[in-house]
Amino acid sequence: MTDDPYKNLKISKGAVVKPRTSLVNKTGSWRSERPVVDHEKCVACGNCEKFCPDMAIKETEEGKFEVDLDYCKGCGICAEECPVKAIIMKEEEK
Amino acid sequence: MNKDKFKHGEELFCPGHRACPGCGAALTSKLVTEATGPKTILSMPTGCMEVTTTPYPESAWGISWIHNIFENSAAVAGGIETAYKSFSKRGKEGYMDYEDVNFVVLAGDGATFDIGIRSLSGMMERGHDVLYICYDNEAYMNTGIQRSSSTPIGAATTTSPAGKESFGENIHKKDMPSIAAAHGLRYVATASVAYPEDFKKKINKALETEGPKYIQVFAPCPRGWKHESKNTIDIARLAVETGLYPIFELEDGQLTNVRKIKDRKPVEEYLKAQGRFKHLFKKDGGGEVVENIQKIADMNAERIGIDK
Amino acid sequence: MAKMMTGYDAVAEAVKACDPDVIPAYPITPQTDIVERISEMVADGELTSEYVRVDSEFNAASTALGASAAGARTFTATCSQGLKLMSEPLFSASGMRLPLVLAIANRSLSAPLSIWGDHTDTFAERDGGMIQFYAEDVQEAMDNIAMAYRVAEDEEISLPALSCLDGFILTHVQEKVEPFSRKEIREFLPERSPVHTLDPSDPKTMGAYARPEHWTETRYEVHQAQLKAKDKIAEAVEEFANIFDREYGLGYNGLLETYRAEDADVLLVALGSVCGTMKYIVDEYRQRGEKIGIVRPRVYRPFPTEELCEVLEDAEAIAVVEKDISLGYQGGLAIDIKSALYSNGSRIPILNFIVGLAGRDVKKDNIKNIVEQTKELRGKLPEDIEFGKEERWEPLRTELLEDDKK
């Protein structure tokens, strides 16, 4: 995990940036719907992970596909591309 | 939240980038880094993926990455490649071997088809060992959806709007793969975010080919094309299944590995799924434009041989 | 050992000694001979740099920029329209703190098209963060290449540098010069040690965009680097003198040179080769006991404010003689010198002479006219010059103008 690039920020020469510092930006706050995975139905095909533009759904070490709500923007591609409809989009509570 | 669970420290393209939900170009970026691996220097022009991934002091990139200006990413990559060639020849310490580094450009269609074509043409002609990948979302999205020379017939953009006297864009999409192939490139390919394995395979094949190579990948833009973010992959698939975006390779100028389509779908299915074409179904005379678009698909089918 | 060399040969020899890794090249008159000569060196194996025959000056600058970001030493050359085409990548190279060295064979800008020399091309790039050196003769044009590398590549500076020599007047004239070899230059110019590179084993993101909360400080640092470059130029000039026994304005931190200026009451300020002609005229006046002298800035950006104020402060009248005009106002050098002097409390009257545009000869008589007009202002104040008459074109062929424009 990269440190917060805004902490003690000093402009580097030529405004060069450290890699992977976008992790500080929790895009999960953009979401209006969240994907919910039904692990019973899931056949672990990996389509959801493959097509996610936000690297926000992954197979964890326990072999389950889980949604990273810190970054998931709720686009719904994972639910749409799931061949067994194991993911549903659920409205976020306001 | 335990970050390690999602391995965000290992990714070469990281979350936290500010691309819109369902962005085809963001998905492209992920797939590109997965295929190239870490020994890569990526040059990117100004555009959506540049601004959404690198607002100072943030960067979504886990690989070496450089942006300079809108119209020169091919020349910048050529300069980097030449520098490494020199370092290896001269035995300069502290630099990876020329043979071990992938020199890659990832650029939008505006930067590729229009403003950067001089840079791209020069890079290809000189034979730099650079893979140029164009994510094609068929308009200038970063500035607010203006038409580029990649915008297809009938698409409404903010500078080719539908109106009383207009059915949207009225000029044919420029045939960039042929232009690339005409430079004598050994490897040219089209791909789509709907087929990630195919795209990644093509990137690897391209990287194994010495010299310049060009891949154009179809990358829908929900905001610009006016479709729901969840439909990005559906629409990318439909573009191929209707024959409007043929998937093929051009190896030494010869058409190879065409993705065959069984029972091409009518173009209406693709057009109706997107707001940028909706005027074609509401306005008198729109049917004629749809017919013309169907003819484009039929012509593609004949020319490229996509029918199974 | 001294030998006769053209300006383009001398610049090419200097580049060979500095041994860049990457040289993107594109032809434009009168610079072309520089990159032709270098291509011959590469063809003969005297130089092992990668020589890239690019498609435009735009991509010459872009290729150099990419190579510089990778960590390479680069060289390219251009002028006039070509420099205009490079403008966009060069402005961004300074913001990205990427050192690039360019030789500029100064030439006018269209329209009308002209292949002949003046300084309108580099003056149009004034605000881009590039360091600008101006040479008076072939030897200095050669030596400035080495100094440009040393300053531009200094870790604290890391900026592009333009090493300017007057098109044709210096590029195509033969003069006796003392060339330096690669071996000799090594003591003066260390290998480039880049601040950041694109090495994939230590990935960096270069060229991020900045929002309003960070942009100003990024550009402020470029400004600070420009100002810091004055010290670095002073150091470079001093060390160059120690090693090569050639001095460039040591008394003024290497930023300007003077000729018979110490006790002068009329001072002529000019850039580049025109100072050679001026020296003859100054000598003539001096023989008659008239105290005329010359001040020649060697560096235009960073601007040698303190040094100019110091050297000009005792003059009674000043003529800024320049091959450039900021259309709609005055010559750029005059504007800057007035700003420096008058904000420093000076009350010296200054005339601005626009000369030698697009290769028009600056003849001895022109210089004499300039001196005579300026002499008349001795003992006067800036406000004694009639408004609108401080900028004069020497000469202006009024017979070519329509009657109502005279």
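First, conventions. Residues are numbered from 1 along each chain as its sequence is written, and chains are lettered from A and ligands numbered from 1 in the order in which they are written. Since the model is predicted, local features need pLDDT of at least 70 and side-chain atom pairs count only at pLDDT 80 or more, while totals for chains, interfaces and linings use all residues.

On confidence, the predictor gives the complex an ipTM of 0.97 and a pTM of 0.97. Chain C has a mean pLDDT of 97, with 100% of its residues at 70 or more; pLDDT is the predictor's confidence in each residue, from 0 to 100.

Now chains A and B. Their contact takes 35 residues from chain A and 36 residues from chain B, where two residues are in contact if their C-beta atoms, placed from the backbone, lie within 7 Å. On the chain A side, α1 (47-51) and α2 (77-81) each supply at least two residues. The largest share, four residues, comes from α2(A). Helices here are DSSP runs of H or I with at least four residues, strands are runs of E with at least two, and both are numbered from the N terminus. By class, this side of chain A has 18 nonpolar, seven polar and ten charged residues. Ala, Val, Leu, Ile, Met, Phe, Trp, Tyr, Cys and Pro count as nonpolar, Asp, Glu, Lys and Arg as charged, and the others, Gly among them, as polar.

Next, chains C and B. This contact takes 37 residues from chain C and 41 residues from chain B. On the chain C side, β3 (50-53), α3 (57-70), α4 (80-95) and β9 (205-206) each supply at least two residues. The largest share is from α3(C), with ten residues. The residues of this side divide into 18 nonpolar, twelve polar and seven charged. There is also strand pairing across the two chains: β2 of chain B (residues 64-67) runs parallel to β9(C), joined by two bridges. Pairing requires at least two bridges found by DSSP. Within this pair, B:W65 stands opposite C:T205.

Within chain C, there is a domain 1 (3-244) and a domain 2 (258-405), with bounds from an automatic or database domain assignment. Their C-alpha centres lie 28 Å apart. The contact between them takes 26 residues from domain 1 and 20 residues from domain 2. On the domain 1 side, the elements giving two or more residues are α5 (120-123), β6 (131-134) and α8 (212-244). Helix α8(C) gives the largest share, five residues.

Then the core. The largest nonpolar core has 247 residues, and B:I80, B:I133, C:V11 and C:I145 touch the most other members. Such a core is a set of buried Ala, Val, Leu, Ile, Met, Phe, Trp, Tyr and Cys residues joined through C-beta atoms within 7 Å. Helix α6 of chain C (residues 138-153) gives the most to it, ten residues. Not counting residues up to four places away in sequence, C:I145 touches C:V11, C:A14, C:V15, C:C18, C:V101, C:A103 and C:S163.

Last, B:K202, in helix α7 (residues 196-208) of chain B. Is this lysine buried or exposed? B:K202 counts as buried because it has 25 C-beta neighbours inside 10 Å; buried takes 20 or more other C-beta atoms within 10 Å, exposed 12 or fewer, and partly exposed is in between, with C-beta atoms placed from the backbone. B:K202 touches B:A189, B:A191 and B:I215, not counting residues up to four places away in sequence. B:A35 is 167 residues apart from B:K202 in sequence, and 9.0 Å apart in space, C-alpha to C-alpha.
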